[in-house]
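Trainee: I'd like to learn how to read helix packing and charge pairs in a protein model. Could you walk me through one?

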Amino acid sequence: MGVLMSRRQTVERVQKVSLAVSAFKDGLREQPSTRRRAEAGTARQGTLEQEVQEGEEEALAGPSQPEESSASKAAWERLRDGRGVEPEEFDRANRFTPPAFIRPKRELHDDEPPDISLEQREQILNDEMCEICEVWTAESLFPCRICHRVYHDGCLRRMGYLQKDSAVEVTETAHTETGWSCYYCDNLNLLLTEEEMYSLMETLRNCKIIPESCLTLDDFLHYKHQVHKQQFERTMPEAQEDQAALQFNALDPDKKGHIEWQDFLSHESIQLLQKIRPQNALLRLLTPKERERARTAFLALDQDHDGFIGEGECRQARHTWFRKHQKEMLSCNVSISHVGPISEGSPASSRNGKSPEKILPATKQEETRSVDWPGFLRENVAYILAARPNSAALHLQPLA
């Protein structure tokens with residue numbers, strides 16, 4: 001935009017000089033008509049530049065729907081840029097400038113298996129200065145449980161990322177074993193590359209999904225049916241519809257009858273990553289803290305220390321990544337990395353008094369199949385990534 005404005009100013013200067021030369025040559029009587037021509041030329045030039053700018057924005061945003069409102073266009077732009085929900089009435093006076101998110105790019109070696117050793121533990125080190133203000137104030141810094149960044153609660157408020165309802169949760173959980181995810185790690189959509197993001201936006205547009213809106217169960221199932229039909233050119237089987245309904249319940253832990261936009265977007269982002277990227281590429285997204293939690297989980301399950309666990313134990317671990325603090329359990333200090341027998345009445349096996357999924361007993365085949373450390377990581381990586389958001393929703397429902 002800054003480039004276009006500078007061009008417009010240049011055009012206006014040229015027109016003014018031309019106007020003065022014409023007035024000097026042709027006389028003052030012809031000056032009004034010349035001015036009108038100059039103004040018409042400037043207006044025409046401005047209109048042309050606006051059309052070029054709008055065309056470039058439409059090309060970046062993808063195919064547009066007819067009669068799309070300005071609010072909807074702004075929502076699509078926020079989705080494309082990974083900025084999240086920014087209501088127009090949100091007052092940014094006396095606030096820091098939000099960061100410019102840069103989407104990742106795929107590297108040539110991403111699909112190669114990474115070297116993640118079970119025996120070699122990793123040293124976890126957090127930054128010493130606040131990510132926002134770059135000031136060190138020791139104990140008043142709140143660390144992210146996923147990455148190395150630390151923050152002041154005041155800086156988070158000035159950024160607009162910490163509202164009144166979440167301030168208490170951050171201050172009470174950031175220094176516990178469960179921890180708190182910063183605004184980078186909380187948004188799974190930021191894991192997508194530009195190409196993957198355009199693909200997701202095209203799917204959402206084709207299915208008439210309105211960005212930043214809540215989805216009911218009917219909306220969610222209708223969307224899943226459309227996506228399945230577009231991909232496979234046939235109706236979605238009843239078993240998959242039942243699984244989609246279970247996923248909706250997992251995204252709506254408070255039983256409000258709808259799922260929030262950010263939870264839906266995180267679910268779709270992790271689903272797209274599973275479809276497009278191989279497991280080796282997903283493993284490269286894990287942070288040192290996540291890899292260390294995975295080691296702790298595997299070693300806790302490997303009771304005989306032979307480097308193998310059963311399939312049933314591996315499947316059970318998929319449910320444990322989503323163990324997060326509930327508001328009534330903030331003082332319990334439950335570890336997300338603890339993996340052990342889940343009793344029917346334990347806090348980890350229920351949410352709001354009702355279990356979101358039922359863990360079936362291991363079959364004979366599961367008891368005999370062994371899973372080593374690399375296999376454990378590959379089978380759990382998507383669930384580890386899906387557990388990043390602070391929301392109580394399960395963004396990737398483990399299969400029963």
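Trainee: Which hand does the crossing of α7 and α9 have?

Mentor: The crossing of α7 with α9 is right-handed. Keep in mind that we're looking at a predicted model here.

Trainee: What else do I need to describe a pair like that?

Mentor: In general, two packed helices are described by the angle between their axes and the distance between those axes. Here, the axes of α7 (residues 217–232) and α9 (residues 261–276) come within 14 Å and cross at roughly 20 degrees. An angle under 35 degrees counts as roughly parallel, so α7 is roughly parallel to α9.

Trainee: Which residues make the contact?

Mentor: On the α7 side, look for F220, Y223, K224, V227 and Q231. Facing them from α9 are F264, H267, E268, Q271 and K275. Sort the residues of this contact by class and you get four nonpolar, three polar and three charged.

Trainee: At what angle do α6 and α9 cross?

Mentor: Roughly 120 degrees, and the axes of α6 (residues 194–206) and α9 come within 11 Å. Angles of 65 to 115 degrees would be roughly perpendicular, therefore α6 and α9 are called oblique to each other. The crossing of α6 past α9 is right-handed.

Trainee: And what residues are in that contact?

Mentor: From α6 come E196, L200 and L204, while α9 brings W261, F264, L265, E268, S269, L272, L273 and I276. By class, the contact of α6 with α9 holds eight nonpolar residues, one polar and two charged.

Trainee: Okay, on to charges. How many salt bridges does the structure hold?

Mentor: The general idea is that side chains of opposite charge can pair when their charged atoms come close. This structure holds 16 salt bridges. Start with K256 and E260, whose closest N and O atoms are 3.0 Å apart.

Trainee: Are K256 and E260 buried or partly exposed?

Mentor: Buried needs a relative accessible area under 20%, and exposed needs over 50%. K256 has 44%, so K256 is partly exposed. E260 is at 30%, so E260 counts as partly exposed as well.

Trainee: How far apart are the closest N and O atoms of E311 and R369?

Mentor: They're 2.1 Å apart, and the two residues form a salt bridge. E311 belongs to helix α12 (residues 311–320) and R369 to the loop between α13 (364–368) and β6 (370–372), so this pair ties together parts 58 residues apart in sequence. At 9% relative accessibility, E311 counts as buried, while R369, at 36%, counts as partly exposed.

Trainee: Which residues are joined into one network by shared partners?

Mentor: R121, E122, R291, E292 and R295, through salt bridges that share partners.

Trainee: Let's zoom out. How many helices and strands does the protein have?

Mentor: There are 14 helices and six strands. Of the 400 residues in the protein, 41% are buried. Now take the contacts between residues at least 6 apart in sequence: 74% of them join residues at least 24 apart.

Terms used: Residues are numbered from 1 along each chain as its sequence is written. This is a predicted model: local features need pLDDT of at least 70, side-chain atom pairs count only at pLDDT 80 or more; totals for chains, interfaces and linings use all residues. Side-chain values use heavy atoms; hydrogens and water are left out. Axes are lines fitted to C-alpha atoms, for helices over the stretch in contact, and angles run from 0 to 180 degrees between N-to-C directions. Helices (H or I, at least four residues) and strands (E, at least two) are DSSP runs, numbered from the N terminus. Angles under 35 degrees count as roughly parallel, over 145 as roughly antiparallel, 65 to 115 as roughly perpendicular and the rest as oblique. A crossing is left-handed if the near helix is turned anticlockwise from the far one by less than a right angle, and right-handed if clockwise. Contact means heavy atoms within 4.5 Å. Ala, Val, Leu, Ile, Met, Phe, Trp, Tyr, Cys and Pro count as nonpolar, Asp, Glu, Lys and Arg as charged, and the others, Gly among them, as polar. A salt bridge is a side-chain nitrogen of Lys or Arg within 4 Å of a carboxyl oxygen of Asp or Glu. Buried means under 20% relative accessible area, exposed over 50%, partly exposed in between (1.4 Å probe, protein chains only).
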